[in-house]
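Subject: Structure for you to look at

Hello,

Please find the structure below, followed by notes on what was found in it.

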Amino acid sequence: MSRITFACLALMIVSTGFAWGQESSKAAPAGKKIVFLSGNKSHGYGAHEHYAGCSLLARKIEEGMPGYRCDIYKYEWPKDESAFDGADCIVMYADGGGGHPAIPRLDQVEALAKKGVGLVCIHYAVEFPKGPVGDKFVTLLGGYFEPHWSVNPHWIAKFEKFPDHPVSRGVKPFHIEDEWYFHMRFREGMQGVTPILSAVPTKDTISRPDGPHSGNPTVRIEVEKGLLQHVAWATERDDGGRSFGFTGGHDHWNWGNENFRKVVLNGIVWCAKGEVPKQGVEVKPVDLAQLKENQDYEQPKDYDWNRAKSRIDGEK
């Protein structure tokens with residue numbers, strides 16, 4: 001189990017030397033507690049970097065929201081349920097589908113939700129199998145990636161308008177390439193669900209044959225009609241809790257983009273029932289050196305850094 005409290009980084013560096021997985025003895029500050037559940041190694045360098053992504057987001061939450069504490073569990077679900085004691089929000093950034101880490105622990109997730117604990121799912125973690133599990137996450141998350149209904153193309157999504165919602169605070173129009181899933185299976189009538197990021201997919205998003213992730217007749221009709229698709233959403237749950245789904249996050253470099261990152265930071269704070277600042281969660285810029293930290297795989301010698309750098313500034 002790897003538990004990291006980023007508020008203690010400076011103390012750890014000075015007194016003991018920095019070491020990932022070292023548990024701090026410093027008492028948790030007053031404020032919100034966020035538990036990050038980081039999935040296993042996945043796609044290779046720079047993609048599905050769950051641990052590196054959780055590490056960066058946790059660090060920025062504590063930087064931008066004094067009094068917040070973030071614990072990260074690397075590659076595994078906490079075996080000791082006391083890890084969730086006092087949690088205001090849990091963030092799942094992991095591979096999903098039939099191997100989703102929450103599936104064997106649905107009772108625990110539902111119990112936390114009934115206590116009002118916030119729930120955030122990032123990228124592949126929004127996908128669940130169709131049926132009883134998917135139905136549960138329509139309730140818990142507000143919507144999910146349903147195989148043979150939703151699709152997962154890589155495309156440049158252009159976000160131009162945002163709702164009047166705390167998660168949108170300080171977010172400016174931006175466009176960026178990612179594996180933006182869309183055509184989610186949402187609650188009937190979008191009850192309790194507010195779309196946060198919406199864009200019109202390009203025609204090449206339906207260029208692949210029909211399949212569980214690639215296409216289906218219904219999504220083809222909607223794309224041909226130019227209908228807006230929602231790729232991030234905020235949900236008010238019936239149990240009094242809040243949830244946030246975000247389908248981006250395939251490309252690790254996108255966390256260097258201010259608006260991309262701010263939407264997720266705002267979503268985490270909102271789900272923890274914190275007050276999102278007027279201009280959103282504001283933090284220092286993220287550079288390429290920071291993005292290279294904590295990745296699961298060794299850096300390839302011939303990696304295309306121009307592509308990575310372009311994501312930090314946004315697509316031109």
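Predicted model: local features only at pLDDT ≥ 70, side-chain atom pairs only at ≥ 80, totals over all residues.

A cavity is a set of points, on a 1 Å grid over the protein atoms alone, where a 1.4 Å probe fits but cannot get out, and its lining residues are those with an atom within 4 Å of a point. Grid points are joined across faces, edges and corners, and a volume is the space filled by probe spheres set on the points.

Residues are numbered from 1 along each chain as its sequence is written, and side-chain values use heavy atoms, with hydrogens and water left out.

Cavities

There are 2 cavities of 30 Å³ or more in the structure. The second largest cavity holds about 50 Å³ of space. Its lining is made up of Ile90, Val109, Leu112, Ala113, Val117, Gly118, Leu119, Leu140 and Arg237. Two or more lining residues come from each of the elements α3 (106–114) and β4 (118–122). Here helices (H or I, at least four residues) and strands (E, at least two) are DSSP runs, numbered from the N terminus. Helix α3 gives the largest share of this lining, 3 residues. By class, 7 of the lining residues are nonpolar, 1 is polar and 1 is charged. In this scheme Ala, Val, Leu, Ile, Met, Phe, Trp, Tyr, Cys and Pro count as nonpolar, Asp, Glu, Lys and Arg as charged, and the others, Gly among them, as polar.

The largest cavity has a volume of about 90 Å³. Around it are Ala52, Ser55, Leu56, Arg59, Lys60, His252, Gln290, Glu293 and Asn294. Helix α2 (residues 50–64) supplies the largest share of the lining, 5 residues. The classes here are 2 nonpolar, 4 polar and 3 charged residues.

Helix α4

Leu140, which lines the second largest cavity, also belongs to the buried set of helix α4 (residues 132–141), together with Val133, Gly134, Phe137, Val138 and Leu141. Buried means under 20% relative accessible area, exposed means over 50%, and partly exposed lies in between (1.4 Å probe, protein chains only). What do the buried residues of α4 pack against? They pack against α3, β4, β5 (143–144), β8 (185–186), β10 (229–236) and β11 (242–246), where contact means heavy atoms within 4.5 Å. Just after α4, Gly142 has a positive phi of about 95°.

Salt bridges

A salt bridge is a side-chain nitrogen of Lys or Arg within 4 Å of a carboxyl oxygen of Asp or Glu. The whole structure has 13 salt bridges. One of them joins Glu76 and Lys79, at 3.2 Å from N to O. Glu76 is partly exposed at 25% relative accessible area, and Lys79 is exposed at 71%.

Lys130, Glu146 and Arg185 are linked in a network of salt bridges. Glu146 and Lys130 have their closest N and O atoms 4.0 Å apart. Glu146 sits in the loop between β5 and β6 (155–159) and Lys130 in the loop between β4 and α4, 16 residues apart. In the bridge between Arg185 and Glu146, the closest N and O atoms are 2.9 Å apart. Because Arg185 lies in strand β8 and Glu146 in the loop between β5 and β6, this pair ties together parts that are 39 residues apart in sequence. Glu146 is buried, at 5% relative accessibility, Lys130 is exposed at 63%, and Arg185 is partly exposed at 28%.

Aromatic pairs

Rings of Phe, Tyr and Trp (its six-membered ring) pair if their centres lie within 6.5 Å; planes under 30 degrees apart count as stacked, over 60 as edge-to-face and the rest as tilted. The structure has 21 aromatic pairs. The rings of Phe128 and Phe137 are stacked, because their centres are 3.7 Å apart and their planes are at 10°. Phe128 is buried at 0% relative accessible area, and Phe137 is buried at 0% relative accessibility.

The rings of Phe159 and Phe174 have centres 5.0 Å apart and planes at 50°, so this pair is tilted. Phe159 is in strand β6 and Phe174 in strand β7 (residues 174–178), 15 residues apart. Phe159 and Phe174 also belong to one aromatic cluster with Tyr93, Trp180, Phe244, Phe246, Trp255 and Phe260.

Regards

Notes: 1 Å grid on protein atoms, 1.4 Å probe; cavity = no way out; pocket = protein on both sides within 12 Å on 5 of 7 lines; lining within 4 Å.
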